[in-house]
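Look at the model below, and keep the sequence at hand.

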Amino acid sequence: MSSKGDKRKRVLRKDRTGANPFTVGLLVLVLAGIVVYAGFSKHVPFTHGFRVKAVFTNANNIRPNSPVRIAGVNIGKVKKVTAYKGGDGNMSLVTMEIDKAGLPIHKDATLKVRPRIFLEGNEFVDLSPGTPEAPTLSDGDTIPSTQTAAPVQFDQILTALQSDTRDSLKRLLDGYGTALTHQPTAAEDKTQDPDVQGKTAAEALNRSIDYAPGALKNASIVNQAFLGLDEHDLSGLVANTAKVTKALGSDPAQLQGFVTNFNTTLSALADEQDNLKATIGELGPTLTHTDRALVSLNASFPNTRAFAKEILPGVKETPATIDAAEPWIAQARKLVGPDELGGLTRELKPTTVDLARLVDGTLTALPQADLVSQCITHTILPTGDIKIQDGQFTSNEENYKEFWYAMVGLAGESQNFDGNGHYVRFAVGGGDQTVSTGKYGGAAGEKLYGRVNNPPLGTRPAFPGKRQPYNHTAACKDQRLPDLNGAKTGGADGGGGTPAPAAPAVTTPTVTTPAGTVPSTTTPLPVPALGVSTRSSSASGESLTAELVDRLNPFRKGAGK
């Protein structure tokens with residue numbers, strides 16, 4: 001070991017060389033400074049946090065390091081304030097650095113410059129981060145001036161009241177005072193309401209105070225209605241109005257065009273001020289009628305609400321009803337299609353036209369049928385009901401029955417009575433009495449002669465020698481009924497004979513009337529009066545056809561008596 005140690009050349013401490021102590025100390029100081037800076041600033045050098053820019057029309061008293069707050073809490077600070085190159089030269093571009101606590105910031109965020117408290121001094125940026133529905137801003141994005149606002153400075157107020165502005169305001173106040181105290185002329189009073197004629201504007205305004213209680217009452221009702229029916233209705237209105245206003249302010253060019261067009265609209269209204277005045281004059285009566293209508297409408301609401309409650313079950317069943325009706329609707333659609341009822345309609349169209357013509361013709365035929373019906377009812381049927389008095393041959397049956405009895409007899413004369421066929425059964429014989437017919441076959445006609453055992457009694461009724469008068473201009477229903485019992489019995493030679501036997505008398509009993517007592521009399525049996533039937537179908541409630549069938553029915557009740 002000694003040999004090895006001897007080989008090494010030992011160097012004394014004072015002779016040794018190494019790092020410079022100054023350099024080492026400087027490095028230690030730099031490292032210590034970096035650590036202290038990072039510990040107190042909490043920021044990594046040469047880096048920055050989330051930054052956002054905003055354009056302000058006026059950024060007075062906003063300086064670097066001015067705080068940025070959300071709801072009064074610091075969430076960042078202003079890094080720098082520079083002139084905005086894209087504006088009119090008066091705008092400022094404020095760059096802000098936002099901490100993580102203030103993120104995210106949305107594109108509809110708004111910023112306002114607000115004064116700090118007295119002890120703090122200067123101003124701060126009040127940030128509203130926007131709505132969650134809007135997209136978020138990225139690092140370095142810029143918020144436009146339409147979403148920022150700056151406070152009005154006192155010097156701006158003084159600048160607005162320049163000498164010319166003050167003079168204009170003075171003239172305005174002087175004109176307003178003159179307008180209130182001006183005494184109107186007769187020409188000016190012509191167009192005014194009678195209640196304010198001859199009064200100044202101030203006096204007229206004082207008169208309007210008399211109507212203030214009613215007007216304010218109605219205004220309070222309107223204001224109460226503006227509060228809404230549910231909670232937050234008014235706040236919702238304000239919020240929505242803010243959104244609309246914000247949307248209008250987001251595009252200055254469009255807003256400017258809107259103001260210009262609105263000014264044009266007002267100018268057009270001003271040109272029609274006479275018509276507008278007349279319209280406003282009619283507004284009062286219109287509101288009165290509207291108020292009455294609304295009162296009536298309000299009175300109908302309870303019934304409407306009750307009806308709405310009652311109809312709810314039916315409304316709930318409507319979907320099921322529609323589902324159940326769909327098959328029927330499908331079948332009905334096919335039924336009314338061109339292959340079914342549609343085709344039938346086309347086929348019936350010509351018939352419908354002919355039916356319409358038939359109806360038109362019926363309008364002419366029905367009056368004639370009515371005349372025939374009245375003729376049968378008032379003339380033919382009453383005549384058939386008369387019982388002919390024929391002495392020993394009287395049957396006491398209505399003559400229409402005797403007619404049909406004769407028809408039965410004639411039919412019976414030609415009936416089969418043996419195997420040889422049809423024969424007319426007459427009692428053939430001779431006698432010493434000669435009878436003859438009248439001439440037949442025209443002017444050169446001949447007479448037929450025959451012989452009977454007994455002399456003929458005559459003919460009934462007797463031939464009068466001329467036709468009975470006939471009025472062809474009178475309707476059948478208005479014709480006089482024939483006097484069937486007033487005819488004479490003709491002689492054997494065809495001449496006049498004896499009158500028919502008198503009709504049996506009928507005794508009319510005494511009848512008490514309001515005018516007195518009518519004594520009983522003995523009068524002949526009356527013939528039915530004109531237009532009155534003893535068996536009128538109208539009286540029995542039956543039709544004319546039913547009456548004829550009833551009379552021709554041999555099996556009806558009372559037939560054959």
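Leu255 lies in helix α9. Helices here are DSSP runs of H or I with at least four residues, strands are runs of E with at least two, and both are numbered from the N terminus. Leu255 counts as partly exposed, because its relative accessibility is 31%. Buried means under 20% relative accessible area, exposed means over 50%, and partly exposed lies in between (1.4 Å probe, protein chains only). This is a predicted model: local features need pLDDT of at least 70, side-chain atom pairs count only at pLDDT 80 or more, and totals for chains, interfaces and linings use all residues. Residues are numbered from 1 along each chain as its sequence is written, and side-chain values use heavy atoms, with hydrogens and water left out.

Leu255 belongs to a nonpolar patch on the surface. Other members include Val244, Phe258, Phe262, Ile280 and Leu287. Together the patch residues have about 1100 Å² of accessible area. Such areas come from the Shrake-Rupley method with a 1.4 Å probe, and for residues only the protein chains shown count as cover. Patches are made of residues with over 30% relative accessible area and no salt bridge; like charges are joined within 9 Å, nonpolar side chains (Val, Leu, Ile, Met, Phe, Trp, Tyr) within 5 Å. Which helix gives the most to the nonpolar patch? It is α9, with 6 residues. Helices α8 (233-249), α9 (252-271) and α10 (273-335) each supply at least two.

Next come the rings. The structure holds 2 aromatic pairs. Phe258 and Phe262 form a stacked pair, because their ring centres are 6.2 Å apart and their planes stand at 20°. Rings of Phe, Tyr and Trp (its six-membered ring) pair if their centres lie within 6.5 Å; planes under 30 degrees apart count as stacked, over 60 as edge-to-face and the rest as tilted. Both residues lie in helix α9, 4 residues apart, about one turn of the helix. Phe258 is partly exposed at 47% relative accessible area, and Phe262 is partly exposed at 46%. Phe403 and Trp404 form an edge-to-face pair, 5.1 Å centre to centre with 70° between the planes. Phe403 is partly exposed at 45%. Trp404 is partly exposed too, at 40%.

Now turn to charges. The structure holds 6 salt bridges. A salt bridge is a side-chain nitrogen of Lys or Arg within 4 Å of a carboxyl oxygen of Asp or Glu. One of them joins Asp126 and Arg114, with the closest N and O atoms 3.0 Å apart. Asp126 sits in strand β6 (residues 123-128) and Arg114 in strand β5 (residues 110-115), so the pair ties together parts 12 residues apart in sequence. Another joins Arg357 to Asp354, at 3.8 Å between the closest N and O atoms. Both lie in helix α11 (residues 341-384), 3 residues apart, about one turn of the helix. Arg357 counts as exposed at 58% relative accessibility, whereas Asp354 is partly exposed at 43%.

Are Lys401 and Glu398 buried or exposed? Both are buried. Their side chains meet in a salt bridge at 3.2 Å, N to O. Glu397 joins Glu398 and Lys401 in a network of salt bridges.

Finally, step back to the whole protein. The protein has 14 helices and 14 strands. Buried residues make up 13% of its 561 residues. Its accessible surface comes to about 43100 Å², and 61% of that belongs to carbon and sulfur atoms.
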